[in-house]
Amino acid sequence: MRPDLEIIQQWVKPGNRVLDLGCGDGTLLDFLQRERNATGFGLEINPDHITTCMGRGVSVIEQNLDTQGLGNFDDRTFDTVLMTQALQAVRRPDMVLEEMLRVGREGIVTFPNFAHWRLRWGLTLRGRMPESEALPYKWYNTPNIRLCTFRDFEALCRQKNIRIKSRRVVDGQHQNSWLARLWPNMLGEIAIYRITREET
Amino acid sequence: MPDSLPTDSVGIVTPQTLHFDAPITLACGQTLDSYDLVIETYGTLNADASNAVLICHALSGHHHAAGYHSMEERKPGWWDSCIGPGKPIDTNRFFVVSLNNLGGCHGSTGPNSVNPKTGKPYGPEFPVITVSDWVQSQALLADRLGIECWAAVVGGSLGGMQALQWSLDYPDRLRHSVVIASTPRLTAQNIAFNEVARQAITSDQEFHDGRYQDFDTVPRRGLMLARMVGHITYLSDASMGEKFGRELRDQAYKFGYDAEFQVESYLRYQGERFSEMFDANTYLLMTRALDYFDPAYEYGGDLSKALAPSNCEYLVLSFSTDWRFTPARSEEMVNAMIAAKKRVSYAEIDAPWGHDAFLIPTPRYTDIFNAYMDRVAREVGV
């Protein structure tokens, strides 16, 4: 099992209602449906991914977060709203976070850390826009238009009164590493955040 | 006419007429004491009768959805692109049932059938039928065929309305409802187009208040006009432009009012052909059934409340250039399903053909339809 799925699974309770923003080919939702008896939807815009979801029994809605938002979902209709590796690809991540925590009680967000040492190295010494396993694109064709660091994200959460319930930092293969835990903003490649607006 | 049958065709098919003796009470309050339904079936019903798929037809459709009636038939059934061995509705796996709806003019009891009480054709006395009435008659058909629960009820346009209505009226008798290029209710503009079509028919001198059979005539001109205006709403500006543009039949303008542009002669041809094979009273009835369809009406316009009893999973598909039932109307339906906490998948398919796109196999449409129906088949173990 992919280690990030393993982590996310622990944060989804059995029978939870889940919304997955940018659900890709439905791997995560399929997994949560089988392992956690979760129900819910994925939103996706890639036609091939949508077809794959439909074929594997994942409910998927063709919906563009940038242009359509989440206005068709009522407040608090989901236990968990997921967004794995898509926050950096939307036009207004701040507004998406607001919407996530309007329609869901809790959000789980993963994104690549732009302050990882290898990216810093690329920019500082080579003077080129960084590329990595988590960010495998060229500057001119990348869908990742809103890159941020772990610290940036945490600052935004503070500003918006969003509480970070947990954070797990992993490397490019989604593996746990003691180095990443030691100095996350320098050594962690991907973080998995669990966020909420609710009090404990 | 095919020289030989394509390998992905269901082949030569023969319609069957089923007679129903138990009276059926309709939404309008009237009762039909007995009636016939003409059906075609493709594929084989499995031992536990779990692999049955119902095809619901649109305004001018009928039971002949796939295959050929004979080697002489010019074109296969109206949805042959999607029904057959290896096609989305795969007849190697599913038992497919397609019928001509009550009120139709292709063999099922309708306005041009003989009313047993008078010995004359019903004509305008045939009761107005609603989508719910059709669904009721289809449920009785399912009983007759020994089908307790459909693997899927599938339809485009007016057929999609039936697929939706099924999920409300018989929530435990279908696993999947596939609603293609449809809408939860007609708009004022949709009704307006229907009214123009009806006026074209009823103002034809040969209409005789719907009693044209008594006068041994047919309101051909009215039907032709009705079809012409309808046909325009099935196509898109772009597809008409691509097909005809401003092309003339001859080289130059003739400064007259005969059909000079290709699009004019095309519409006239389509209209004329239609007027020879379709019944005027049935056309009135079908357009009225469209107008009346509005499952949210009883719930103060809240479709999500109407959806409460539903128990099936939905696939909703729309087409980008469909201006008759736009993607926005499908999204309205999808959003109501989301609000009602139903399982639903939705895609808007890019296709240039307007409303008619649901009949035309485009790669993405076929891929999605294949993937979804493959999953339905696996779910029922075929």
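First, the ground rules. This is a predicted model, where local features need pLDDT of at least 70, side-chain atom pairs count only at pLDDT 80 or more, and totals for chains, interfaces and linings use all residues. Residues are numbered from 1 along each chain as its sequence is written, with chains lettered from A and ligands numbered from 1 in the order in which they are written.

Chain A, then. It has nine helices and seven strands; these are DSSP runs numbered from the N terminus, helices being H or I of at least four residues and strands E of at least two. The C-alpha trace spans about 45 × 40 × 30 Å along its principal axes. Of the 200 residues, 40% are buried, meaning 20 or more other C-beta atoms, placed from the backbone, within 10 Å of their own.

Now the contact. Helix 3 of chain A, residues 47-56, meets helix 10 of chain B, residues 363-379: the axes come within 7 Å and cross at roughly 20°. Axes are lines fitted to C-alpha atoms over the stretch in contact, with angles from 0 to 180 degrees between N-to-C directions. That makes the two helices roughly parallel, the term for angles under 35 degrees.

Who touches whom? From chain A come P47(A), T51(A), M54(A) and G55(A); among their partners in chain B are R364(B), D367(B) and R375(B). Contact means C-beta atoms, placed from the backbone, within 7 Å.

Back inside chain A, contacts between residues at least 6 apart in sequence join residues at least 24 apart in 64% of cases.

Methods:
Parallel < 35°, antiparallel > 145°, perpendicular 65-115°, else oblique. Contact = placed C-beta atoms within 7 Å. Buried ≥ 20, exposed ≤ 12 C-beta atoms within 10 Å, placed from the backbone.
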